Amino acid sequence: MSNYLDLSIKEINNLLKSKKIKPIDLVEEAFDRIEKSSSLNCFITLNKEAALKQAKELEDKEVDNLFFGIPIAIKDNICTKGLRTTCASKMLENFEPIYDATVIEKINEKHMIIIGKTNMDEFAMGSCSKTSYFGAPRNPWNESKITGGSSGGSAACVSGRLTPIALGSDTGGSIRQPSSFCGVVGLKPTYGRVSRFGLIAYGSSLDQIGPITRNVEENAELLNIICGKDEKDLTSAKRDSEDFTRLIGKDIKGMKIAVPNYFVSDIVSKEVLDVFNKTVETLRNLGCTVDYIDMKYLENVVTIYQIITMAEASGNLARFDGVKYGYSYPNPKDLEELYTKTRQLGFGDTVKKRIMVGSFILSGENAKIYYDKALSIRDDIKKSFDMAFEKYDFVIGPVVTSEAYDLDEEFPDPSKSFMDDVLVMPVNMAGLPGLSLPVGFSPNHLPIGLHVMAPRFEEAKLYQFGAFLEKELNLNLDPRGDKNE
Amino acid sequence: MKKLSKEEVLHVAHLARINLEDEEIERYANDLGKLLEDIDKIKDIKGYDDEMMISPVEYNSDLRPDVEGKMLDYKTAMKNVPHSTGNFVEVPVMLNE
């Protein structure tokens, strides 16, 4: 079998244009790799028959864009017409959407080939993809380790070189955190940059779809395709069209960077801090200034995030009632039993716990005590970032507090999965873009990422910064070992 | 860590319309107690201003034009409905004669 999928997208594109290869070569290679790496459990559903058919049909078409014929993996909470979309839940085990999400329409317009739907935490609730009804995916760097989550399947798929690109979604770190654990590049775009139409909602005021790729430039190229105002999503932003790659290659000398002290406090492990401190040194050597600053409310972010997401989730998941679609409890004695037993048997433990607490938060006076107050502090978190960005180009920190931990490790504390995302949640609170970029390895040779945060709609600058640092570090991010060295 | 009583677990389960067996009530009592304890920490946060951020979007009065669009056909719309009779979605009887 060939190794075309190890090439850059640009190189693959040139081969397709010069007719040296056909899309079917790429698709067959992707499925061959998936089969050989089945232990990674990256996919819930494969789209093999349709993908092969599409690849054959593309042979008669002109290669009209960079992503033509490129295999892509899609997180399983993004609706794909006629292709099973489960949210990694028993509730949607047999659900076939009747429409495409807007991002899927955009991907189809560019003739990318959807290879399958990737594994994730159930309804995106979790931090290691272990809440999946279909079993957890495994980290390509070490299969006994977690991939992170909730977009664990997408991150592991790109990391394991099964497909060169994937889409994930990020409510409180779900693109950036698994990208860090798996050594790939993940972006949570500015809230509103990408349409959420067709993304099965978790926390509507936080959710964003974003690209997961092997490098920064391909990430920017993919964002070019999926972004844009969508009349089907009132929260999508009307912006002038721009090329997110336009600043890539420009020097970052003179850029001002802030590190919140909380992001390097004792909540972060030594192996992560060591890599982070080395990165700060590199940035200073590249001519950036790096200051350590205090930012308000960062230490409260988990509490605020828990309140907002669980409340929003309880409303969003109220639609799963056994009536309109999804799992339905058979032969209920009345409507109440249909609702309550459908939800008892259709949802997993984590989802049930979170929507129970969410319903409590929104009931009666509690809405004022918890939810309204959380929204007030959320506003203060946003203002705190606004203040930092008056003086600095970027705020940076580690992505995760530790390296990827053992898949078998059990944590009795239900808040552990929230704490895993403590460093990346603030970005969702403030609606900012955040880039997760691999910057080194732990002594166990597990990838460690850098989290770079920018003002709203400054993705192009994030990519400039990320690409420059990526080139300087020149890491081998292929988990298949020395193969490429 | 506060463990919820059986009645408290059943109360939040009822709010979320989730049936629970005795074994589940026991299993969730600790975790729910911990999560409720976590969110209670918000009561200690001071010094914030009252302005609320409901959504990061500040420009959402941009409605689409009021024009006739394409509708789903009946067969497509009903594709994922678990129980149907003729053109109707079927649910258990709500009122007894």
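The structure is a predicted model, in which local features need pLDDT of at least 70 and side-chain atom pairs count only at pLDDT 80 or more, while totals for chains, interfaces and linings use all residues. Residues are numbered from 1 along each chain as its sequence is written, and chains are lettered from A and ligands numbered from 1 in the order in which they are written.

Along its principal axes, the C-alpha trace of chain A extends over about 65 × 55 × 45 Å. Its secondary structure consists of 15 helices and 11 strands, where helices (H or I, at least four residues) and strands (E, at least two) are DSSP runs numbered from the N terminus. Of the 485 residues of chain A, 59% are buried; a residue is buried if 20 or more other C-beta atoms lie within 10 Å of its own, exposed if 12 or fewer, and partly exposed in between, with C-beta atoms placed from the backbone. Among the contacts of chain A with a separation of 6 or more, 75% come from residues 24 or more positions apart, a contact being two residues whose C-beta atoms, placed from the backbone, lie within 7 Å.

Five of its five residues are buried, so S2(A) is largely enclosed by the rest of the structure. Pro71(A), Ala73(A) and Lys75(A) point one way from the strand, and Ile72(A) and Ile74(A) point the other way. S2(A) runs parallel to strand S3 (residues 113-118) of chain A, joined by five bridges; two strands pair if DSSP finds at least two bridges between them. Within this pairing, Pro71(A) has Ile113(A) as its bridge partner. From S2(A) the chain passes through helix H4 (residues 102-109) of chain A to S3(A) in a right-handed β-α-β crossover, meaning that, with the strands pointing away from the viewer, the path from the first strand over the helix to the second runs clockwise. S2(A) is also parallel to strand S4 (residues 165-170) of chain A, through three bridges, and here Ala73(A) is partnered with Ala166(A).

The peptide bond from Gly149(A) to Ser150(A) is cis, with omega near 15 degrees, and Ser150(A) sits in the loop between S3 and helix H5 (152-159) of chain A. Lys19(A), in the loop between helix H1 (9-17) and helix H2 (23-36) of chain A, has a positive phi of about 60 degrees although it is not a glycine. Lys19(A) is exposed, with 9 other C-beta atoms within 10 Å. Phe457(A) also has a positive phi, near 65 degrees, and lies in the loop between strand S11 (447-453) and helix H15 (459-473) of chain A. Phe457(A) counts as partly exposed, with 17 C-beta neighbours inside 10 Å.

Turning to the complex, the predictor gives an ipTM of 0.93 and a pTM of 0.97. The contact between the chains takes 43 residues from chain B and 54 residues from chain A. On the chain B side, the largest share, eight residues, comes from H2(B).
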